[in-house]
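Hi,

Here is the structure I promised to pass on. Have a look at it first, and then read on for what turned up.

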Amino acid sequence: MPENRQNGHVGATVIRPYGDTTGDGMVQLSFTLPVAPGPRADGAALQLANKMGIDPAMVVHSHAIGEGFTFFVVYGSVRHPVDLDAVRVEERAYPLLSPAEVNAAIKGRLRRTLVVLGACIGTDAHTVGIDAILNLKGFAGEKGLEYYREMSVANLGAQVGVPELVARARAGRADAVLVSQVVTQRDAHLRNTRELAAAFREAMGESRPLLVVGGPRFDPGMAAELGVDKVFGRGTTPGEVASYLVHALIPSEETP
Amino acid sequence: MTALQLDPVLVTRARELAARAARPVVDLARTHTTVSVERAVLRLAGLTGTDPVTGDGAATDRVPWVNRVVDAVRDQVGLEAGVALPVWHALASGAAPSLQALAERVGAGTARFTVPTGADAERARAAARAAVAAGLARIDANRARREELVATHGDPPRRPWIYLIVATGDIHEDIPQARAAARAGADVIAVIRSTGQSLLDYVPEGATRTGYAGTYATQENFRLMRAALDEVSAELGRYVRLTNYASGLCMPEIAVLAGLERLDMMLNDAMYGILFRDINPRRTFVDQRFSRMVHARAGIIINTGEDNYLTTADAVDEAHTVTVSQLLNETLAKEAGLPDWQLGLGHAFEIDPDRKESFRLELAHAMLARSLFPDAPLKWMPPTKHMTGDVFRGYLLDGFFNLAGALTGQGILLVGMMTEAVVTPWLSDRDLALRNVRYVLDAAGGLTEDFAPPPGGFIDRRADTVLREAVGLLEKIADHPEGLIQAIADGTFGITRRPADGGKGLDGVVALAPDAYNPALELLEQETARA
């Protein structure tokens, strides 16, 4: 392997981890192996560390966990260099904001409550998706949109008809309508979404609310094709949705 | 036990206000039933299983017989009289040889229900009472068996009891993890539920392997885990307790299943479902009273969910909401027949660690709870909100949490994980967390004896302030015309407004008619009256 030994001088583009000396490559890691403790276990840990590019490696600590497991703490010098020029960062089209930042953006730039309406449409009775995004309880350690003081959130629940959703959105002057579909057969989620988009277009035209759909079976690249503004896939958290709403509905400060 | 000298006038006033605020809730619960309460009656009478022609594929998707029967009764005659009268009238009239057979008639669409009157009603009441008494007898036998096992194996050698969560989604994966945790020192194993189970209006059936971020609460999963812990209790010479979650739309039924399978503790908060899951307030209050009466009978320690307030609000500014909720939970629990030793009132270590004096404030809040509820086994919950992914800092914070728990004599200590908010706990995370707890309890467990914050000092003054704020909030709640129910609608609690007619599950609430009969409530209320 052609190794670049260039060290971390200021401006260097090839760098290595820093323990206490430039270029020493020192890292620490901890892990568990399914093997009883002893010299053989420590040897196994060293073998793993070597295969990870840590050489020399030191098992500085190991102890038994339960029966047949050993926990290790390993220190060592990693031989892989990092090429900063080769780093590519995938940028989200909008910044991820904290709840406080979302609230501040709404209060400061929208200057009124942001109205969000959520529902499950079609025959799907599984509200777990929309609940994870809207309920105060939230999802993945993030609070749901109900937590955001500057948002007014209504969750209509399951099996809401599209005409009812349109009527409620119009009456409540919703800024955004969030729809989740979890269980779906023969692409019913896509048909339902197109129906939703068409109904809002027909009823409200340009003044329709922002349409956001989500669910594990959706492909996030399909928004335009489905006629909605945004599609969220599996694992989306409330914070991502809130950040998107701010991005899409509130003019940014830089706007002249 | 060290305690603060709280102003006795203030303490009395706080309890009076809590009782007044809760009174409309109790009145509501006494005059209404819910589909889940009625299903719980059928479960106590021994009805199990699912309708095989419902759902597609997995057994967990099928509709339980208790749902089928309650829905059929409701469609035909309504639930205003409860399910017991029409069901046992049908049985006494020879419609089917057993409750199970009657359920199958419902499945076939051939069962006809009427609400009996006069002698027929008396006959149905007697039969229903006998059927439900058999279920309660099993719960009583489990309680006696627990006491026997505790006497044989012994309780944990010290307080607080060490409470650890297992959550793989697969009961057969949970069992070896729970055994390992018990061997490593856990006194209480909690099997956290699959995401969203609280919003299902039925209890899934059977041993399940496909939960998401948790394992479904089912009767069979309860049985399997309790049996595994019985084995490990015998091996360790220490009775290892099992916990699950009686919350959400099926709270009464899950309480019954817990009693039938000898679970030892249940999460069971009076308001959590309303505030955090948008479950209808009426539904919740009716369900929680029934479930608590079952827990009282079963000798199950309830755990309340006050820690949740502090994950959504500032732990210093909103500290008094925890005290208010504890007082409301206490008054509602006592009304349902739960004595102090069964009240695992919750609170949490959630103050921003970057705040000056954060640890002293935590001690003040923990001491306040300890002093206000001296005979309750308080449940002390670890930091989650300020666990950032910096696992090293998190490990230190958990150490301080453990120290606060030891210093202030907490009853149940939920073990914090340094990988909170990073991953679901790994084997090594649990091991390191238990080492942290053991070190602190071994090194400083006795400090509670030496720790006596001086009157007028920082801790004493802070506790007094929080108590005064709590009384202020209780006054506002009690002054609402419908007490707690209206206060929740107005958003007095936390930041959500929950109107009495909003949220999930309202259609499952039914006002009782004068001739209504619930054999379970009748038998449980006799018990409460005796206690």
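Predicted model: local features only at pLDDT ≥ 70, side-chain atom pairs only at ≥ 80, totals over all residues.

Let's begin with the backbone. With that numbering, R262(B) sits in the loop between helix 9 (251-260) and strand 5 (265-267) of chain B. R262(B) is not a glycine, yet its phi is positive, at about 55°.

There are cis peptide bonds to look at too. In chain A, one links D55(A) to P56(A), with omega at about 5°. P56(A) belongs to strand 3 (residues 54-65) of chain A. In chain B, R159(B) and P160(B) are joined by a cis peptide bond as well, and here omega is about -10°. P160(B) falls in the loop between helix 6 (118-153) and strand 2 (161-166) of chain B.

Now for the place where the chains meet. How much area do chain A and chain B bury between them? The figure is about 1900 Å², with 59% of it on carbon and sulfur atoms. Chain A brings 20 residues to the contact and chain B brings 22 residues. Two salt bridges are found across this interface. Between the two chains, the side chains of D131(A) and K504(B) form a salt bridge, at 3.5 Å from N to O.

Over all chains, the search of the whole structure comes up with 47 salt bridges. In general, side chains of opposite charge can pair when their charged atoms come close. Within chain A, R112(A) and D175(A) make a salt bridge through their side chains, at 2.8 Å from N to O. R112(A) lies in the loop between helix 2 (99-110) and strand 6 (114-120) of chain A, and D175(A) in the loop between helix 4 (162-171) and strand 8 (176-180) of chain A, so this pair ties together parts that are 63 residues apart in sequence.

Cheers

Methods: Residues numbered from 1 in each chain as written. Chains lettered and ligands numbered in written order. Heavy atoms only, no water. Contact = heavy atoms within 4.5 Å. Buried area = accessible area lost by both parts, 1.4 Å probe. Salt bridge = Lys/Arg side-chain N within 4 Å of Asp/Glu carboxyl O. Helix = DSSP H or I, 4+ residues; strand = E, 2+ residues; numbered from the N terminus.
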